[in-house]
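Hi,

Here is the structure I promised to pass on. Please have a look through it first, and then read my notes below.

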Amino acid sequence: MTEAPTAAQAMVAATARLRAAGVPDPARDARVLLAHAARIEASRVTLIAPEELDPDIGERYDQLIALRAIRVPVSHLLGEREFYGRRFKVSGDVLDPRPETETLIEAALSQPFDQVLDLGVGSGCILVTLLAEMPNACGVGADLSEAACLQASANAVLHRVEARAQIVRSNWFEAITGHYDLIVSNPPYIAMDEMPGLAVEVREHEPEMALTDYGDGLEAYRRISARVCDFLTPGGRVLVEIGPTQGRAVADMFRQVGLIDVTVMQDLDGRDRVVGGRSIA
């Protein structure tokens, strides 16, 4: 009877398999997925490294590595992704929370707000984070996708902000009422002709409607800027995430509809990432 491999041996074999499949950081992924298969924290993998791998854990690990080798995102295999210090439930129905979106969070939190609207709420990571950080604020999250609305609602419950969060199915402002002192959005901004250049994990495993407008990547900003002033309180702010080449175009749209104090903000890598503006007080 063949001896079961140790956890360390299984990790080495998994790393080689992921590397051969072209996975960008195979050793890290092999470690994280072993922790998930063994139902332990990733920091404890070293402790089980010399031990023989339990057959059930080994089978789960093989399945996870096989899926990662065909480029299923690690977050989908774990069922969660960290964002702004919290873990959010994710799936193939919503865009994965990304570190660069924390630039929008920082900008939003730089000034107080009471009522926030998140257009294209997706996983809910933006709305839920803002409500968790501002315990007196209330908010509405809108998304065209019913599955995204359910995911956002689940994350609101997970982080105990559901009493202050209303999730509605809406095509941008279509089903929205009321006025807000902060409107935020991370809309689909990838142009259709840029889609083939995306990583396999993104192109094949994230919802297309959350990535692209099937056009030039600017349609969402046209839709938002056309009506945003109708929903902002006097002096209210709007903040949108953008692709790194879209700052000037989106800033021009904001100015054309009468927004003031229009600024383009950079992420930690120095790329244009957020455009902000304010309604006249």
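The domain bounds I use here come from an automatic or database domain assignment. That assignment gives domain 1 (7-70) and domain 2 (91-279), and the C-alpha centres of domain 1 and domain 2 lie 35 Å apart.

Before the details, some ground rules. This is a predicted model, so local features need pLDDT of at least 70 and side-chain atom pairs count only at pLDDT 80 or more, while totals for chains, interfaces and linings use all residues. Residues are numbered from 1 along each chain as its sequence is written, and side-chain values use heavy atoms, with hydrogens and water left out.

What the record says

UniProt has two features to compare with the model; its positions are given in the numbering used here, feature names are shortened, and annotations may be inferred rather than shown by experiment. An unreviewed entry there places "domain: Release factor glutamine methyltransferase N-terminal" at residues 9-79. Over residues 9-79 the chain is 69% helix and 0% strand, with the end C-alpha atoms 26 Å apart. Helices (H or I, at least four residues) and strands (E, at least two) are DSSP runs, numbered from the N terminus. UniProt also places "domain: Methyltransferase small" (unreviewed entry) at residues 101-192. Here the chain is 33% helix and 24% strand, and the end C-alpha atoms are 21 Å apart.

The N-terminal end

Ala10 lies in helix H1 (residues 7-20). With a relative accessible area of 12%, Ala10 is buried (buried means under 20%, exposed over 50%, partly exposed in between, using a 1.4 Å probe and protein chains only). Not counting residues up to four places away in sequence, Ala10 touches Pro5, Leu53 and Tyr61; contact means heavy atoms within 4.5 Å.

The nonpolar cores

A nonpolar core is a set of buried Ala, Val, Leu, Ile, Met, Phe, Trp, Tyr and Cys residues joined through side-chain atoms within 4.5 Å. The largest one has 34 residues, and Ile183 and Val240 touch the most other members. The elements giving two or more residues to this core are strands E3 (115-119), E4 (138-143), E6 (180-185) and E7 (232-241), together with helices H11 (219-231) and H12 (247-256). H11 gives the most, with 5 residues. Leaving aside neighbours within four places in sequence, the contacts of Val240 include Leu104, Tyr221, Ile224, Val250 and Phe254. A second, separate core of 26 residues includes Tyr84, Val128, Met134 and Leu239.

Helix H11

Which residues of H11 are buried? They are Ala220, Tyr221, Ile224, Ser225, Val228 and Phe231, and what covers them includes E3, E6, E7 and H12. H11 bends by about 30° at Ser225, where the bend is the angle between axes fitted to the seven residues ending there and the seven starting there. At 1.5 Å a residue, the 13 residues of H11 should span 18 Å, and its end C-alpha atoms are 19 Å apart, which agrees. The expected span is 1.5 Å times one less than the number of residues.

Two arginines to look at

Most residues other than glycine have a negative phi. Arg39, in the loop between helix H2 (26-38) and helix H3 (45-48), has a positive phi of about 55°. Arg39 counts as exposed, at 63% relative accessibility. Arg160 has a positive phi near 60° and sits in the loop between helix H8 (146-158) and strand E5 (165-169). At 75% relative accessibility, Arg160 counts as exposed.

Best wishes
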